[in-house]
Amino acid sequence: MIPIATTRSVTGIPTGRLAVWWVVASEIVIFGGLLSSYIMHRIAHGAWSHYAAHTNTWAGGFNTFVLLTSSLSAVLAHKASVENDGPKAARLLGLTILGGGVFITVKAFEWTHEIHLGYTITSNTFWSFYYTAAGLHALHVIAGMVIMAIVANDARKGIALHRVELIGIYWHFVDLVWIFLFPLLYIAK
Amino acid sequence: MSEHAEHAHPNYVKVWAILVGLLILSILGPMIGIQWVTLLAAFGIAIVKAYLVAKNFMHVNVEPRFISYLLLTMLALMALFYAGVSPDVMKHEGSRWAKPDWVAAAAAPVAETLGEHGH
């Protein structure tokens, strides 16, 4: 039986894809509110540049490269799914999961180093924003990796290939959020 | 199968290469030490990268127009939130209110002590 999300098209797009766009829309408000709050506090408190100077630009830059590359493998997986090549789509999703794993690992080393230096979530408002924003983003990366593993397992068997595109849209959004987090937390010092 | 199959796929590797090039510029730009270059490198390039990802990887441009309107509405709500809240955060006094002295003190430049409790 074909799931209703695959075929139903009252709005002009399959319901499953519409649902993912709604998720993305709600995530814009979540991350948008957080980043807006950060920006207004950052402008109001010039002293925060003192704290921002301690974030590691090279680690942030490397992680941006990793996420951009994982987005490439996600969109190539989508292309493979359109060509009905489930095993290839699964392999490319596997690479995307690997990218997410590298991202989280780098972040873990980065946080460990910062915490050892005494910068914790309770140190001051800057570090509260830093750990909250980057932590919430990291949770989204982990959630994406888990969902992607489930989708890849099905895609490998040629099942529900339309879901490859859906998880890809979510993953690209997670990439987009990082594209803005990187300059806010690592570049503007 | 997705209707996205109907549109031609862009050269994704080329788009990725452009994104990586922009990333390198956004890291090197601030090293010059000029404030406007830093701001342009940090946020101008971020907007361009976001556009490239949304257009070429998320394929927003081939979705029905209401998807773009949906996303833009959320961005407008974000701007509304900023416009409504930022005066309370960024100003120290208004027509009928003033922040207490300790708030201004907390916003002052910090000492070199690491991990101190200030805003």
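Colleague: Setting aside the neighbours within four places in sequence, which residues is Ile97(A) in contact with, and what makes them contacts?

Modeller: Ile97(A) is in contact with Met145(A), Met148(A) and Ala149(A), and the word contact applies because the C-beta atoms of two such residues, placed from the backbone, lie within 7 Å. This is a predicted model, in which local features need pLDDT of at least 70 and side-chain atom pairs count only at pLDDT 80 or more, while totals for chains, interfaces and linings use all residues. Residues are numbered from 1 along each chain as its sequence is written, and chains are lettered from A, and ligands numbered from 1, in the order in which they are written.

Colleague: Why is Ile97(A) called buried?

Modeller: Ile97(A) has 21 other C-beta atoms within 10 Å, and a residue counts as buried at 20 or more, as exposed at 12 or fewer and as partly exposed in between, with C-beta atoms placed from the backbone, so Ile97(A) is buried. Its place is in helix H5 of chain A, and from His50(A) it is 47 residues away in sequence and 35 Å away in space, C-alpha to C-alpha.

Colleague: What makes up the secondary structure of chain A, and what is called a helix here?

Modeller: Chain A comes to seven helices and zero strands, where helices are DSSP runs of H or I with at least four residues and strands are runs of E with at least two, numbered from the N terminus. Of the 189 residues of chain A, 46% count as buried, whereas in chain B, which has four helices and zero strands, buried residues make up 17% of 119.

Colleague: Why is H2(A) called roughly parallel to H7(A)?

Modeller: Two packed helices are described by the angle between their axes and the distance between the axes. Here the angle is about 10° and the axes are 10 Å apart, which makes H2(A) roughly parallel to H7(A), because angles under 35 degrees count as roughly parallel, over 145 as roughly antiparallel, 65 to 115 as roughly perpendicular and the rest as oblique. The axes are lines fitted to C-alpha atoms, for helices over the stretch in contact, and the angles run from 0 to 180 degrees between N-to-C directions.

Colleague: Which residues of H2(A) and H7(A) meet, and how many of them are nonpolar?

Modeller: Among those that meet are Val20(A), Phe31(A) and Tyr38(A) in H2(A) and Leu166(A), Phe173(A) and Leu184(A) in H7(A). The contact divides into 13 nonpolar, two polar and two charged residues, where Ala, Val, Leu, Ile, Met, Phe, Trp, Tyr, Cys and Pro count as nonpolar, Asp, Glu, Lys and Arg as charged, and the others, Gly among them, as polar.

Colleague: What makes a group of residues a nonpolar core, and how many residues has the largest one?

Modeller: A nonpolar core is a set of buried Ala, Val, Leu, Ile, Met, Phe, Trp, Tyr and Cys residues joined through C-beta atoms within 7 Å. The largest has 69 residues, and those with the most contacts inside it include Ala89(A) and Val177(A); H7(A) gives the most to this core, with 18 residues.

Colleague: How many residues does each chain bring to the contact between chains A and B?

Modeller: Chain A brings 46 residues and chain B 48, and the largest share of the side of chain A, twelve residues, comes from H4(A).
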